[in-house]
Amino acid sequence: MPSDKVRASHILIKHQGSRRKASWKDPEGRIITATTREAAVSQLKALRDDIVSGNAKFEDVAACHSDCSSAKRGGDLGSFGKGQMQKPFEEATYALKVGEISDIVDTDSGVHIIMRTG
């Protein structure tokens, strides 16, 4: 992998402020439209706590809870370079060391936690 690229997995929770209010889990967007940003953050914090404490594996949580289609790959987004992701997501990913998990990251898509994998 070129040194200017990173690889990451993430868990996305969409909410009523997300730019696209539908996902593989919620094709009509009923749950997403009813979810506040605060509720999404609260859910994501609880999931992050489970992962960090060792009670759950990142990829299992992503597969079950993430609103991104990457859920079927355990949240894996593959590798990407600068300018390919929304700015807050990119900045958070590049700031992590391999194996680290971010705090809550806000983008137009929703709220995320990111694990840098490469």
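**Rings, a helix and a glutamate**

In this predicted model, the count of aromatic pairs comes to one. The partners are Phe-80 and Phe-89, whose ring centres are 6.2 Å apart and whose planes meet at 50 degrees, so the pair is tilted. That label rests on a cut-off: planes under 30 degrees apart would count as stacked, and over 60 as edge-to-face. Are these two residues, Phe-80 and Phe-89, buried or exposed? Both Phe-80 and Phe-89 are buried.

Let's follow Phe-89 into helix 4, which covers residues 87-95. Phe-89 is buried there along with Glu-90, Ala-92 and Thr-93. Looking down the axis of helix 4, you would find its buried residues within an arc of 170 degrees, so they line one face of the helix. Here is a handy general idea: an α-helix has 3.6 residues a turn, so residues three or four places apart point the same way. And what do the buried residues of helix 4 pack against? Their partners are strand 1 (6-13), strand 2 (76-80), strand 3 (105-107) and strand 4 (110-116). On the face turned away from the buried side, helix 4 carries the exposed residues Lys-87 and Ala-95.

Another ring to look for belongs to Tyr-94: Lys-82 lies over its face, at 4.2 Å from the ring centre.

Finally, visit Glu-59 in helix 3 (residues 58-65). Glu-59 has a relative accessible area of 37%, so it is partly exposed. Leaving aside neighbours within four places in sequence, Glu-59 is in contact with Gly-74 and Met-115. Ser-79 is 20 residues from Glu-59 along the chain, and the C-alpha atoms of the two are separated by 16 Å.

Definitions and conventions: Residues are numbered from 1 along each chain as its sequence is written. This is a predicted model: local features need pLDDT of at least 70, side-chain atom pairs count only at pLDDT 80 or more; totals for chains, interfaces and linings use all residues. Side-chain values use heavy atoms; hydrogens and water are left out. Buried means under 20% relative accessible area, exposed over 50%, partly exposed in between (1.4 Å probe, protein chains only). Helices (H or I, at least four residues) and strands (E, at least two) are DSSP runs, numbered from the N terminus. The arc is that of the directions from the helix axis to the C-beta atoms. Contact means heavy atoms within 4.5 Å. Rings of Phe, Tyr and Trp (its six-membered ring) pair if their centres lie within 6.5 Å; planes under 30 degrees apart count as stacked, over 60 as edge-to-face and the rest as tilted. A charge sits over a ring if NZ of Lys or CZ of Arg is within 6 Å of the ring centre and within 35 degrees of the ring normal.
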